[in-house]
Amino acid sequence: QVQLVESGGGLVQAGGSLRLSCEASGRTFSNYAMGWFRQAPGKEREFVATISWSTGSPDYTPAVKGRFTISRDNTKNAVYLLMNSLKPEDTAVYYCAAQGVWRISYYSHTKDGYDYWGQGTQVTVSS
(Lines give C-alpha, C1' and ligand atoms only; values in the text may rest on other atoms or scores of the structure.)
Protein backbone atom coordinates (compact mmCIF):
# COMPACT_ATOMS: atom_id res chain seq x y z
CA GLN A 1 0.00 0.00 0.00
CA VAL A 2 1.35 3.40 -0.96
CA GLN A 3 1.61 5.85 1.89
CA LEU A 4 3.02 9.33 2.27
CA VAL A 5 3.56 10.45 5.84
CA GLU A 6 4.32 14.06 6.72
CA SER A 7 5.98 15.23 9.89
CA GLY A 8 7.60 18.33 11.30
CA GLY A 9 4.66 20.65 11.63
CA GLY A 10 3.98 22.63 14.74
CA LEU A 11 3.61 26.03 16.30
CA VAL A 12 6.22 28.67 15.62
CA GLN A 13 6.43 32.42 16.01
CA ALA A 14 6.65 34.70 13.03
CA GLY A 15 10.17 34.78 11.69
CA GLY A 16 10.89 31.27 12.83
CA SER A 17 11.61 28.14 10.86
CA LEU A 18 10.25 24.65 10.46
CA ARG A 19 11.36 21.70 8.39
CA LEU A 20 8.69 19.40 7.06
CA SER A 21 9.44 15.85 6.04
CA CYS A 22 7.49 13.44 3.90
CA GLU A 23 8.47 9.81 3.67
CA ALA A 24 6.88 7.55 1.11
CA SER A 25 6.45 3.81 1.23
CA GLY A 26 4.87 1.20 -0.98
CA ARG A 27 6.62 2.27 -4.15
CA THR A 28 9.54 4.36 -5.21
CA PHE A 29 8.96 7.88 -6.50
CA SER A 30 12.46 8.49 -7.75
CA ASN A 31 11.18 8.85 -11.32
CA TYR A 32 8.33 11.20 -10.49
CA ALA A 33 7.79 14.72 -9.33
CA MET A 34 6.94 15.37 -5.72
CA GLY A 35 5.52 18.49 -4.18
CA TRP A 36 3.97 20.35 -1.30
CA PHE A 37 0.58 21.97 -1.06
CA ARG A 38 -1.14 23.79 1.76
CA GLN A 39 -4.68 24.52 2.77
CA ALA A 40 -5.73 27.23 5.18
CA PRO A 41 -9.17 27.28 6.80
CA GLY A 42 -11.79 28.37 4.32
CA LYS A 43 -9.31 28.31 1.46
CA GLU A 44 -8.65 25.97 -1.40
CA ARG A 45 -5.63 23.76 -1.36
CA GLU A 46 -2.84 25.67 -3.06
CA PHE A 47 0.45 24.81 -4.62
CA VAL A 48 3.56 25.59 -2.58
CA ALA A 49 6.55 23.87 -4.15
CA THR A 50 7.55 21.04 -6.42
CA ILE A 51 10.76 19.27 -7.33
CA SER A 52 11.37 17.31 -10.49
CA TRP A 53 12.52 13.73 -10.66
CA SER A 54 14.90 14.18 -13.56
CA THR A 55 17.02 17.12 -12.45
CA GLY A 56 15.81 17.90 -8.97
CA SER A 57 14.96 21.39 -10.14
CA PRO A 58 12.62 23.14 -7.71
CA ASP A 59 9.82 25.55 -8.32
CA TYR A 60 7.80 27.62 -5.88
CA THR A 61 4.74 29.70 -5.64
CA PRO A 62 5.76 33.37 -5.54
CA ALA A 63 4.44 33.75 -2.00
CA VAL A 64 7.17 31.51 -0.60
CA LYS A 65 10.01 31.96 -3.06
CA GLY A 66 13.16 32.97 -1.25
CA ARG A 67 11.88 31.69 2.08
CA PHE A 68 11.08 28.01 1.47
CA THR A 69 13.37 25.34 0.10
CA ILE A 70 12.16 22.03 -1.26
CA SER A 71 14.53 19.10 -1.54
CA ARG A 72 14.37 15.37 -2.01
CA ASP A 73 16.38 12.33 -1.11
CA ASN A 74 15.59 9.51 -3.46
CA THR A 75 17.61 7.06 -1.41
CA LYS A 76 15.06 7.62 1.35
CA ASN A 77 12.06 8.09 -0.93
CA ALA A 78 11.48 11.39 0.82
CA VAL A 79 10.80 15.03 0.13
CA TYR A 80 11.40 17.93 2.48
CA LEU A 81 10.31 21.51 2.86
CA LEU A 82 12.47 23.91 4.82
CA MET A 83 10.44 26.95 5.76
CA ASN A 84 12.30 30.04 6.91
CA SER A 85 11.07 33.50 7.85
CA LEU A 86 7.62 32.16 8.50
CA LYS A 87 4.68 34.52 8.42
CA PRO A 88 1.22 34.18 9.95
CA GLU A 89 -0.21 33.82 6.46
CA ASP A 90 1.79 30.61 6.09
CA THR A 91 -0.50 28.99 8.64
CA ALA A 92 -2.12 25.98 7.01
CA VAL A 93 -2.21 22.24 6.83
CA TYR A 94 0.67 21.20 4.63
CA TYR A 95 0.37 18.16 2.39
CA CYS A 96 3.02 16.34 0.46
CA ALA A 97 2.15 14.75 -2.83
CA ALA A 98 3.70 12.45 -5.39
CA GLN A 99 3.02 11.67 -9.00
CA GLY A 100 2.23 8.09 -9.90
CA VAL A 101 2.29 8.55 -13.65
CA TRP A 102 4.37 10.81 -15.82
CA ARG A 103 2.98 14.22 -16.68
CA ILE A 104 4.36 17.29 -18.37
CA SER A 105 5.76 19.76 -15.90
CA TYR A 106 2.74 22.04 -16.02
CA TYR A 107 0.76 19.58 -13.93
CA SER A 108 3.29 19.55 -11.12
CA HIS A 109 1.81 22.90 -10.07
CA THR A 110 -1.74 21.59 -9.84
CA LYS A 111 -3.63 19.34 -7.48
CA ASP A 112 -4.71 17.16 -10.38
CA GLY A 113 -1.08 16.57 -11.23
CA TYR A 114 -0.54 14.28 -8.26
CA ASP A 115 -1.79 10.81 -7.54
CA TYR A 116 -0.77 10.20 -3.94
CA TRP A 117 -1.22 12.45 -0.94
CA GLY A 118 -0.16 12.49 2.65
CA GLN A 119 -2.49 13.08 5.55
CA GLY A 120 -1.21 16.58 6.20
CA THR A 121 0.67 18.27 9.01
CA GLN A 122 -0.43 21.45 10.73
CA VAL A 123 1.79 24.51 10.61
CA THR A 124 0.72 27.41 12.78
CA VAL A 125 2.62 30.68 12.76
CA SER A 126 1.77 33.10 15.53
CA SER A 127 2.24 36.84 15.38
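Guide: Happy to. Let's start in the core: the largest nonpolar core has 26 residues, and Trp 36, Phe 68, Leu 81, Met 83 and Tyr 94 touch the most other members. Strands that each supply at least two residues of this core include strand 4 (34-39), strand 8 (78-83) and strand 9 (92-98). This is a predicted model, where local features need pLDDT of at least 70, side-chain atom pairs count only at pLDDT 80 or more, and totals for chains, interfaces and linings use all residues. Residues are numbered from 1 along each chain as its sequence is written, and side-chain values use heavy atoms, with hydrogens and water left out.

Visitor: What makes a set of residues a nonpolar core?

Guide: The members are buried Ala, Val, Leu, Ile, Met, Phe, Trp, Tyr and Cys residues, joined through side-chain atoms within 4.5 Å.

Visitor: Which residues does Tyr 94 touch?

Guide: Leaving out residues up to four places away in sequence, the list includes Glu 6, Leu 20, Trp 36, Phe 68, Met 83 and Val 123. A contact here means heavy atoms within 4.5 Å.

Visitor: Why is Asn 77 called buried?

Guide: Buried means under 20% relative accessible area, exposed over 50%, and partly exposed in between (1.4 Å probe, protein chains only). Asn 77 has 11%, so it's buried. You'll find Asn 77 in the loop between strand 7 and strand 8.

Visitor: What is the phi of Asn 77, and of Ser 85?

Guide: Asn 77 is near 55 degrees, and Ser 85 is at about 50 degrees. Both values are positive in residues that aren't glycine. Most residues other than glycine have a negative phi.

Visitor: How do you know that Asp 112 is exposed?

Guide: Asp 112 comes in at 68%, over the 50% cut-off, so it counts as exposed. Asp 112 belongs to the loop between strand 9 and strand 10 (116-117).

Visitor: How many helices and strands are there?

Guide: Zero helices and 11 strands. Helices (H or I, at least four residues) and strands (E, at least two) are DSSP runs, numbered from the N terminus.

Visitor: Why is the protein called as compact as a globular protein of its length?

Guide: Its radius of gyration, taken over C-alpha atoms, is 13 Å.

How values were computed
The radius of gyration is taken over C-alpha atoms; the globule rule is 2.2 Å times the number of residues to the power 0.38.
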